[in-house]
Amino acid sequence: MEKPYSNPEEWYALVVDSIREIIDAVKPKRTFYTIETMPWMVPDSPDEYLQLIKDVDRKAFGVHLDFVNMINCPKRYLFCDEFIEECFTKLGGHIKSIHGKDVIMGYTYTTVIRETMPGKGIINYQKVARLCESLGPDTTLFVEHLPDFESYKKAAAYVREQAALAGVKTC
């Protein structure tokens, strides 16, 4: 039995066509349509997101950056500062929103990388704050996937604290 869209080119074309169809139907004037980066689907890297932006070819298509979702191998984990900087360097002009979370790798056989709240993993949020500052005040970083309101408050407080330590103003 053949899997639906088992051909990678066909699958990619479907993603491009779907994004175009949504943007063309809505015709946004002051907003952007974004998709979230994921470790198992398009786009799963800054370069693939850039290619997707080029192929979609719509002004209203922007980037929702979730760099943690793209930290999907030991190399990106161990060199996450460089990887996050690459994300901002390559996608900066297109980034409209950002997920703030953290990542931790279990030292087991095989590799297990899991998401955690900001401050409980290895992400350097002072560096992230400085990179976010370069995008301007209209770009939002928000935390997600936490179990309760108290956890959200703690995560947001940690991100704001790291931003302050980096000399970056937040709201």
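Guide: Let us begin with D57, which is placed in the loop between helix 2 and strand 2 (61–65); helices (H or I, at least four residues) and strands (E, at least two) are DSSP runs, numbered from the N terminus. This is a predicted model, in which local features need pLDDT of at least 70 and side-chain atom pairs count only at pLDDT 80 or more, whereas totals for chains, interfaces and linings use all residues. Residues are numbered from 1 along each chain as its sequence is written, and side-chain values use heavy atoms, with hydrogens and water left out.

Visitor: Why does D57 count as exposed?

Guide: The relative accessibility of D57 is 57%, and the rule calls a residue buried under 20% relative accessible area, exposed over 50% and partly exposed in between (1.4 Å probe, protein chains only), so D57 falls in the exposed class. D57 also has a positive phi of about 55°, although D57 is not a glycine.

Visitor: What makes H145 exposed?

Guide: H145 has a relative accessibility of 52%, and therefore counts as exposed. H145, which lies in the loop between strand 6 and helix 7, has a phi near 65°, a positive value in a residue other than glycine.

Visitor: Why is the pair of D17 and R20 called a salt bridge?

Guide: The term asks for a side-chain nitrogen of Lys or Arg within 4 Å of a carboxyl oxygen of Asp or Glu, and the side chains of D17 and R20 meet at 4.0 Å, N to O. Both residues belong to helix 1 (residues 8–26), where they are three residues apart, about one turn of the helix.

Visitor: What does the salt bridge between K101 and E144 tie together?

Guide: The side chains of K101 and E144 meet at 2.7 Å, N to O. K101 lies in the loop between strand 3 (95–100) and strand 4 (102–106), and E144 in the loop between strand 6 (140–143) and helix 7 (149–165), so the pair ties together parts that are 43 residues apart in sequence. K101, at 1% relative accessibility, counts as buried, and E144, at 13%, counts as buried too. Salt bridges that share partners join D66, K101, E115 and E144 into one network, and the structure holds nine salt bridges.

Visitor: Why does S151 count as buried, and which residues is S151 in contact with?

Guide: S151, found in helix 7, has a relative accessibility of 13%, and so counts as buried. Leaving aside neighbours within four places in sequence, S151 is in contact (heavy atoms within 4.5 Å) with M117 and L146.

Visitor: What makes V112 partly exposed?

Guide: V112, in strand 5 (residues 112–116), has a relative accessibility of 42%, and therefore counts as partly exposed. Beyond neighbours within four places in sequence, V112 is in contact with I104, M105 and G106.

Visitor: How does the radius of gyration of the protein chain compare with that of a compact globule?

Guide: The radius is taken over C-alpha atoms, and the globule rule is 2.2 Å times the number of residues to the power 0.38. For 171 residues a compact globule would have a radius of gyration near 16 Å, and the protein chain, at 17 Å, agrees with this. Of these 171 residues, 39% count as buried. The chain has seven helices and six strands, which follow the pattern α-β-α-β-α-α-α-β-β-β-α-β-α along the sequence.

Visitor: Which peptide bonds are cis, among them the one from V42?

Guide: The bond from V42 to P43 is cis, with omega near -10°, and P43 is placed in the loop between strand 1 (33–36) and helix 2. A cis peptide bond also joins Y109 and T110, with omega about 10°, and T110 is found in the loop between strand 4 and strand 5.
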